[in-house]
Amino acid sequence: MAQSYKVVAFAGSLRKGSINRLLLRSAISLAPAEMSIHELDIHEIPLFDQDVEDENPPQSVIDFKQEIESADGLLIVTPEYNWGIPAVTKNLIDWASRRNTPPGNVLLNKPVSIMSIAGGPRGIGALARRQVRDVIVYPRAVPMPSGDVGISGGLSNFDETGNLVDYAAREQVELNLQAFSDWIRVISG
């Protein structure tokens, strides 16, 4: 029987019409047969505040962390704002890495893949993806060494129902997810 992998994912944007959320939902539908991807609900995660963590971390944070802990891998789809990582993405990484909030640092030894899509013709979220990589290495997550997805052109990559229709973009996502499946297998031994 072939190995199957459970991946959890979030798009670092709260906007209902986020193109990064569209990319995430496309990744869910393009996942290889041996991988299932589940989108995490991030809307109830508060800004990180150590006083809140020390007093009583919200159940939404604990649930978020438990889902990451139980997964074989984590897919982070991040926008790029002002040439950098947006607050939503960074906040989720901060909560996930906290040792004092149950169940602890859930990024430890967790295989990670990173994707981004930008609205303009030239942007591909490269700076934000690099910054995500930088901040997840400290809590000892294990990002794929190469093959991040960076797509330009925003909504032009999707049809009117939100399906990723641009051939090159679809191929980039499919290749990334197959490589991610291989990466999870390597990291998990």
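Guide: Helices α4 and α5 are roughly parallel to each other, where angles under 35 degrees count as roughly parallel, over 145 as roughly antiparallel, 65 to 115 as roughly perpendicular and the rest as oblique. This is a predicted model, in which local features need pLDDT of at least 70 and side-chain atom pairs count only at pLDDT 80 or more, while totals for chains, interfaces and linings use all residues. Residues are numbered from 1 along each chain as its sequence is written, and side-chain values use heavy atoms, with hydrogens and water left out. Helices (H or I, at least four residues) and strands (E, at least two) are DSSP runs, numbered from the N terminus.

Helix α4 covers residues 87-97 and helix α5 covers residues 126-137, and their axes come within 10 Å and cross at roughly 15°; axes are lines fitted to C-alpha atoms, for helices over the stretch in contact, and angles run from 0 to 180 degrees between N-to-C directions. The crossing of α4 and α5 is right-handed, which is the name used if the near helix is turned clockwise from the far one by less than a right angle, left-handed being anticlockwise. On the α4 side the contact (heavy atoms within 4.5 Å) is made by Thr-89, Lys-90 and Ile-93, and on the α5 side by Val-132, Val-135 and Ile-136. Sorted by class, this contact has four nonpolar, one polar and one charged residues; Ala, Val, Leu, Ile, Met, Phe, Trp, Tyr, Cys and Pro count as nonpolar, Asp, Glu, Lys and Arg as charged, and the others, Gly among them, as polar.

Helix α4 also packs with helix α3 (residues 59-70), at an angle of about 80° and with the axes 10 Å apart, so α3 and α4 are roughly perpendicular to each other. In this contact Val-61, Phe-64, Lys-65 and Ile-68 of α3 meet Leu-92, Trp-95 and Ala-96 of α4, and by class there are six nonpolar, no polar and one charged residues.

All seven of the seven residues of β4 (residues 111-117) are buried, so the strand is largely enclosed by the rest of the structure; buried means under 20% relative accessible area, exposed over 50% and partly exposed in between, with a 1.4 Å probe and protein chains only. In a regular strand the side chains alternate between the two faces of the sheet. Here both faces are covered, with Pro-111, Ser-113, Met-115 and Ile-117 buried on one side and Val-112, Ile-114 and Ser-116 buried on the other. Strand β3 (residues 73-77) is joined to β4 by four bridges, and the two run parallel; strands pair if DSSP finds at least two bridges between them. Within this pairing, Leu-75 stands opposite Ser-113.

Ser-113 and Met-115 are also among the contacts of Asn-176, which, leaving aside neighbours within four places in sequence, include Met-144 and Asp-148. Asn-176 lies in helix α6 and counts as buried, at 2% relative accessibility.

The loop between β4 and α5 holds Gly-120, which is partly exposed, with a relative accessible area of 30%. Not counting residues up to four places away in sequence, Gly-120 touches Ser-152 and Gly-153.
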